[in-house]
Amino acid sequence: MTTANENEILTRVGAGTKMGELMRQFWLPVAKSSELVADGDPVRLKILGEKLIAFRDTSGRVGVMDHRCPHRCASLFFGRNEENGIRCVYHGWKFDVDGNCLDMANVPPTQDFKAKVKAKAYKAEERNGLIWIFMGVQENAPGLPDHEANLVPEEQMGINFQLRECNYLQAIEGELDTSHLGFLHFGSVGKGNFEGATFRSTVANRAPEYLTKETDYGAVYAAYRPAAEFEGKLNWRLAHFLFPCFALPPLAALDTNVALRGYVPIDDENTMCIILFKKDNRTAEDWRERNAIAGGDDFHNLPNTTDWNGRWRLKENRANDYLIDRDIQRGKSYTGIGGIILQDQAITESMGAITDHTFEHLAPSDKMITETRRRLIRAANAYAKDGTLPPCAANPAAFAGTRGGAFFTDEGADWLESYREIMAQAPIEARIAAE
Ligand code: FES
Ligand SMILES: [Fe+2]
């Protein structure tokens, strides 16, 4: 059970909050590279409750900084992105991507103090189509985390963003609770609907058992049930939580499933869901098949606006009940809401802007949710107490070689040993990309 105090620690992410300060000590993905054009329009970003602007300078470098000009707080969103810097249009002060003041245009040269003024800029890096920022103690910034899905060349990966209008925790917990699959997504279908053995097992037994384990980078869990097809075998679906707000979901067979989900808090009540998946034929085909079986169409992004929350909104949203079709719900789809991702979107937003977790009745099927909350609370408290961070914060390699996925074992086999054996044989993209 989650107490009111734990609920506060878990869900508040602004500056000065325990979870907010913990999250700031990790790199966070915030935009697609394609959103920023050299000398193009600055983009409003809100991350962990802070209002920022992002721009790409003439040389192609990315700058991300507090949107307030350090002179008198005019918004740099209205600035001119020109000649390797952004120039505030109020009095003409100009800043480079590192926040250095290059020009104090309205001050006589004899009184100029530009060397003493800095815009509050955050370190930004780009890798394979994704822009990451580090909002923590700037001199402590480690390398980007070795997430396999972001080490694969951009053209091989799908990168989707979607605004989710709720707290990050309830959003990411959808990845850590696999039993919802047999209801929310596949509640109306039986095993005859699926070609693959994994999903046949998933709907043949909708009440799996769970195992969890703490790891260096967060936590891992697996749900298991008897395999529907193979006598004496177990079917496993294994997934990871990675600090501070990432998950590796079991979308496909473990040996092929290169994927990552990020749930980056925009503020306490909004989250940017970032979905990376390998576009190879098998995974993409599997996904299309499953999405159709789940009953629907995919989600659709609305055109981005320049509002703080204007990026990557969905056409199907709370205001139109996600275009639920009650006739379809009486038939082939459990929800009548189109597609797996949209179903997750609708149901996690339906839990309120910030779920009051003290109201819940957690079940054995929520074992990984309990484990993850425990891990997050402990890390947030430790950082607040004496600045101790989980070792993975300073070690990008801690995240390497991890994947979610489905697999089969003999009854009685050790789940983590089996996982490691399959991974030892799998073509690890991260390793290949780095070589
Ligand atoms: S407020 Fe930006 S230059 Fe004056
Ligand atoms: Fe889901």
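**Sheets and domain contacts in the predicted model**

Six strands, in the order E1-E10-E9-E4-E3-E2, make up an open sheet with antiparallel pairing. Strands (E, at least two residues) are DSSP runs, numbered from the N terminus, and two strands pair if DSSP finds at least two bridges between them. The edge strands are E1 (27-32) and E2 (43-47), each of which pairs on one side only. On average, neighbouring strands of this sheet are turned by 35° against each other, direction ignored; the axes are lines fitted to C-alpha atoms, and angles run from 0 to 180 degrees between N-to-C directions. Within the sheet, E9 (residues 121-127) and E10 (residues 130-134) run antiparallel and are joined by five bridges. Alanine 124 has isoleucine 133 in E10 as its bridge partner.

The model is predicted: local features need pLDDT of at least 70 and side-chain atom pairs count only at pLDDT 80 or more, while totals for chains, interfaces and linings use all residues. Residues are numbered from 1 along each chain as its sequence is written, and chains are lettered from A and ligands numbered from 1 in the order in which they are written.

An open sheet of four strands, with antiparallel pairing, has the order E5-E6-E7-E8. Its edge strands are E5 (80-81) and E8 (101-104).

An automatic or database domain assignment divides the chain into domain 1 (27-140) and domain 2 (148-434). In domain 1, 14 residues are in contact with 18 residues of domain 2 (C-beta atoms, placed from the backbone, within 7 Å). E1 and E2 are the elements that give two or more residues to the side of domain 1 that touches domain 2, and E1 gives the most, with four residues.

Methods. Contact = placed C-beta atoms within 7 Å.
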